[in-house]
Amino acid sequence: MKWIYSDYEFENRVNNLSWTISGKYEENVNVLKQDYSSKEVALYFAIMEGAMHKYVDWGTVKKYLVNRVKYGYDLKIISTLAQIVFNRITECKVIEERPGVEEIRQKAYKDILSTFTKIYNDDVVEKIKYVIVLENMGKHPTIDGHGRRIINSIKKIDVQGDMLEILKEIDNIYLKYFQDSAHNSDVDYQHSNNDYIGNEDINFDTFSDFMYEELYNDVEDKYIESEINEISSSMLVESIGECEIKEQQQGANRIIYVDEETVDKIYKKMEHYYGKTYLSSSQIKKIETKNCRNVHEGCRIHFTDGVLRSECSNMAQIKYVTRQKENNLGKYREKHKIHKRNITKLKDNISRILIEESETSRVYSDYGSVYAQRAWRVSRSSNNKIFYRDIVNEKGKYIIDILLDASGSQSRNQANVAAQAYIIAMALTMANIPNRVMGFSSFMDYTIMKRFKDYDDSIHTSENIFEYFCAGNNRDGLAIKAASEELLNRDEENKILIVLSDGRPNDVKIGKDRERTIRGETAYRGVVGVKDTANEVRNARKKGILVLGVFTGKESELEAEKLIYGKDFIYTKEIERFSEIVSMYLKKVIRN
């Protein structure tokens, strides 16, 4: 939307209006740093920006979002809910104080909507935003029952409530309607107590915990802060559609530049959050030098057994992972008998196939060892195959890597993924096939490779798989590359890598301030991420590794996954079939 006015007095009026409403004259307000299609739009934006600063404590909102995202909440969903709620609260309060604002809003809404050529409605939160905007214009749009219930819950929030109560209501809406994306839904928020300040014995299961957590000045916080800045300095109506000429969004590539001190601080925090690495610094440097090239230039890899089985002083994280393990185990035990039968069935199938393929086959031929009982056929029969040869299976031994996407998007499947990986690992170990189970995710420039079970570990270590939890992004290409390197070092003739994923590669890129002008980097997402991951899959196959991709995500992303994994690719909506899929694939591989 291009603002066509350049009246200096009008610019001053707009900025002064924003200052007057906010009452914070010390802040640097420049409303017209953006372009708008009319004076009404610019006026309304100035009103809303001032009111947003007046009525919303964005520092508290940031603490809340940082805490919830750290524990697995979907940032897009929870930040959009916050945007909808605080936009509604701000509009209600400013219209109550200044009734004339409602007329300005109507004109601004109408003007903005007239410029849109496309309305976003791909998911429920986008539909909700659109419906709320239309209802504010006096219209009566339709929406499905699920969306209507969410809107009704939003409208029930007391606009005069204090900040913590409002955030608690947002939290309740998220957990009630978006629980598949909730990572920490077992927390009891019913006993909120806001009087903990100064009390060292804080109950970390209360809603207001996030108020007492240290806010590190790291890039993850900065990324969330950029989301908050976007919410607090824009109108809800702006985000529901796009104009015919879609301007490139600043920061769309998610390349974040930070100072050297912040980068060093991030690197030192890996062991605090994920546990000490089990490799030496020289081993890590060798691996990173070899693998962190091209699109992964400047990235790092952290190999760890996790906070429960390696050195870690972060008691909060230890407590959190312990709780996730207990949750996963609890879900597994609900169907313990079924899972136990599946382990036995999978083990028997694999063992039977291996035995069949390892049997010696006798073939009669016109050369080889003499078969005495057929010697009489010489010169008496046209079938003169009196020799035999014993064909011995020369396929060799098998080794299997299972690589689990542990990014935040998998949180809805967390317990099921852990159970299925456990079933497979148990069956393979019982069938005497060496196997390793690892989870991968990314945190800033680090790809985290968490080892649950190693190739030669005893069967009892398989229970470590229940430590699986989901958070962060996913740099699939680098994870596959790193896993393949270790797999290639094994002596077994038949190497198999099975990758479970539910979405496209998607990762943030960090750059140092001093490199801003010399590094033309592209973020690891979209075509870049898909192309790189596809290349790593093909490179692994060229080196003799059989790679199977198992995809459990949205149908809209199927084409990208097919490009990555080619013909050795399986799509399923039922994660419970993961072990069955692996069984069918191994049967096919071993027999061929």
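**View 1. Strands β4 and β10 run parallel.** Five bridges join β4, residues 300–304, to β10. Thr304 has Lys450 of β10 as its bridge partner. Two strands count as paired if DSSP finds at least two bridges between them. Strands are DSSP runs of E with at least two residues, and helices are runs of H or I with at least four; both are numbered from the N terminus. The model is predicted: local features need pLDDT of at least 70, side-chain atom pairs count only at pLDDT 80 or more, and totals for chains, interfaces and linings use all residues. Residues are numbered from 1 along each chain as its sequence is written, and side-chain values use heavy atoms, with hydrogens and water left out.

**View 2. Strands β9 and β10 pair in the antiparallel sense.** Seven bridges link β9, residues 435–443, with β10. Ser441 finds its bridge partner in Ile448 of β10. Two residues lie between the strands of this hairpin. Met444 takes a positive phi near 60° there.

**View 3. Strand β10 is mostly covered.** This strand spans residues 446–453. Eight of its eight residues are buried. Buried means under 20% relative accessible area, exposed over 50%, and partly exposed in between (1.4 Å probe, protein chains only). In a regular strand, side chains alternate between the two faces of the sheet.

**View 4. The chain has 19 helices and 14 strands.** Of its 592 residues, 53% count as buried. Take contacts (heavy atoms within 4.5 Å) between residues at least 6 apart in sequence: 76% join residues at least 24 apart.
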